[in-house]
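Trainee: Please take a close look at one part for me, the ligand site. Then link it to the fold around it.

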Amino acid sequence: MAVSPLLIGMPEMRQSSLVVVANRLPIDDSVAPDGACEWRRSPGGLVGALHPLLRHTPATWVGWAGGAGSAPALPDVDGVRMHTVALSRDDLRDHYEGFSNATLWPLYHDAVEQPQHHRRWWEAYQRVNQRFAEATAEVAEQGGIVWVQDYHLQLVPGLLRALRPDLRIGFFLHVPFPPPELFMQLPRRAELLRGMLGADLVGFQRAQAAHNFAQLVTKVLELPATDRRIGIDDRVVRIGAFPVSIDTAEMAALAARPEVAARARRLRRDLGDPRQVILSVDRMDYTKGIEQRLKAYSELLASGDVKVRDTVLVQVAMPSRERVGQYQILRERIEREVGRINGEFGRVGEPAIHYLTQPFDRAELAALYRVADVMAVTPLRDGMNLVAKEYVAARVDGAGALLLSEFAGTAAELPEAYLVNPHDLEGLKQGLCAALRASPTDVGQRMRAMRAYLHQHDIRAWARSYLSALDEAGALINRLASTDGTLDGAARVPAPATPAASPATHHAGG
Ligand code: ADP
Ligand code: G6P
């Protein structure tokens with residue numbers, strides 16, 4: 001996404017009736033090959049989900065622009081106002097890389113890597129959450145709606161309520177919320193729970209997460225809680241599951257473009273016209289199960305179940321959180337393994353794995369999805385996994401097999417995928433073979449069912465169900481259903497005098 005030139009000086013401070021607060025803004029300050037500053041779409045599913053949703057709404061997005069030091073003044077992005085929060089180098093190290101991504105992230109993903117605990121990180125987490133709450137308090141209109149996102153900002157709802165009790169506050173967690181026995185490891189567990197309870201509605205990807213949260217609130221804070229509502233002070237906080245999604249129609253339209261179809265054909269030729277293409281697209285993260293997948297593939301090559309000339313694997317692995325030690329080690333291990341597999345099984349001009357670490361634009365991703373006979377999405381744990389949904393949306397031809405981990409939130413919604421347990425190496429190999437050898441009829445039936453589901457359950461349906469639960473008065477949902485389908489003019493709704501009567505749990509499964 002090209003966003004330049006930047007505005008000179010700070011834009012005037014205007015207030016919005018809808019404010020989204022996320023650690024990341026939808027654009028990210030990255031360095032171009034010539035060393036110049038370049039603005040790109042930020043990585044990850046949160047931005048991928050929210051950015052198309054908010055386009056052309058008079059909302060404000062409060063977040064961090066990706067660098068260290070003073071906050072750049074940014075122009076509106078697709079009509080959405082950008083309000084930047086500055087992070088110093090210490091904040092980056094201790095809040096973003098430390099508490100958010102070396103304590104909470106591994107802990108919330110089943111501790112597949114060891115979570116680390118440092119008191120300095122917690123201090124930074126509190127400090128940065130306070131700064132986000134203050135920035136939000138400045139830009140939210142009287143009686144407006146604030147929608148706080150994800151694990152970096154769990155204290156913001158409580159801090160913001162103290163500053164601005166007039167606001168309607170929602171919180172949504174994009175990642176899994178762990179079972180009590182894991183969450184109880186956190187030295188500051190009570191504060192984190194209390195922070196989230198500053199919201200009027202706490203949303204999760206899955207009903208199990210809401211259940212874990214209710215159990216913890218009862219155990220740690222001794223508050224009355226069910227899987228739908230929690231009483232705190234004189235308020236009721238509603239909780240529920242709202243599985244996030246994608247702009248299905250947009251991805252389908254992109255994939256259907258003649259130039260994308262032509263690009264897919266060219267990609268297949270460039271890959272040597274193999275009989276079958278397997279694709280994986282991940283942020284380079286230890287939760288994504290990349291190493292386990294490579295091991296399964298390598299064993300299939302060794303046993304002869306898969307042959308390099310027939311089948312190619314394209315692994316896109318975009319580097320992520322590169323200053324965090326666990327991510328550096330992971331990248332080294334993956335690259336060593338890709339090198340080993342290519343050395344052992346590749347031929348001149350025919351690598352076993354095409355390994356790509358570059359960011360791609362949406363059209364190129366759509367072309368890659370169209371070329372993939374099997375899309376392998378096998379995280380060890382994932383809040384949702386939007387890549388799996390993008391793949392299904394892009395298969396306008398009705399073909400393509402989705403190999404999907406049982407441990408991705410998506411699995412509860414797309415049971416027609418070829419489901420595997422990525423911890424079980426033999427099961428992973430069998431699942432990959434089953435997807436590769438499935439009959440076109442079976443593949444087509446499964447894909448049809450998944451596409452029908454995603455056309456109903458897209459990003460707008462997600463926002464509608466969340467915001468209507470947050471806004472009992474119903475004004476927001478009417479706006480969302482407006483002809484252009486945007487959130488246009490949303491949120492000019494006074495907070496209700498009494499808490500909502502019926503909490504919402506919208507979920508397709510487990
Ligand atoms: P996470 O949020 O953990 O990264 P998701 O699968 O939910 O996982 O979302 C990843 C998002 O990042 C998707 O929208 C996907 O299209 C995008 N993405 C992944 N790899 C790349 C890449 N190399 N270039 C551009 N976008 C990418
Ligand atoms: C996941 C998280 C998001 C995060 C994204 C990318 O999707 O839920 O909050 O923005 O990963 O990670 P990063 O650390 O680059 O923001």
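**The site of ligand 2**

Mentor: Asp 150 places a polar side-chain atom 2.5 Å from an oxygen atom of ligand 2. That is a polar contact (a pair of N or O atoms within 3.5 Å). The model is predicted: local features need pLDDT of at least 70, side-chain atom pairs need 80 or more, and totals for chains, interfaces and linings use all residues. Residues count from 1 along each chain as its sequence is written, chains are lettered from A and ligands numbered from 1 in written order, and side-chain values use heavy atoms, without hydrogens or water.

Arg 24 also has a polar side-chain atom 2.5 Å from a ligand 2 oxygen. For Arg 321 the distance is 2.8 Å. Alone, ligand 2 exposes 380 Å², and the protein buries 93% of that (Shrake-Rupley areas, 1.4 Å probe). The residues around ligand 2, among them Gly 44, Tyr 96, His 152, His 174 and Arg 283, each have a heavy atom within 4 Å of the ligand.

Now the fold. Strand β1 covers residues 16-24 and pairs with β4 (residues 60-64) in the parallel sense, over four bridges. Strands are DSSP E runs of at least two residues, and pairing takes at least two DSSP bridges. Val 20 stands opposite Trp 61 in β4. Eight strands form an open, mixed sheet: β5-β4-β1-β6-β7-β8-β10-β9. Its edge strands are β5 (81-84) and β9 (229-232), each pairing on one side only.

Terms used:
Polar contact = N/O pair within 3.5 Å; in protein donor to acceptor, adjacent residues only side chain to side chain.
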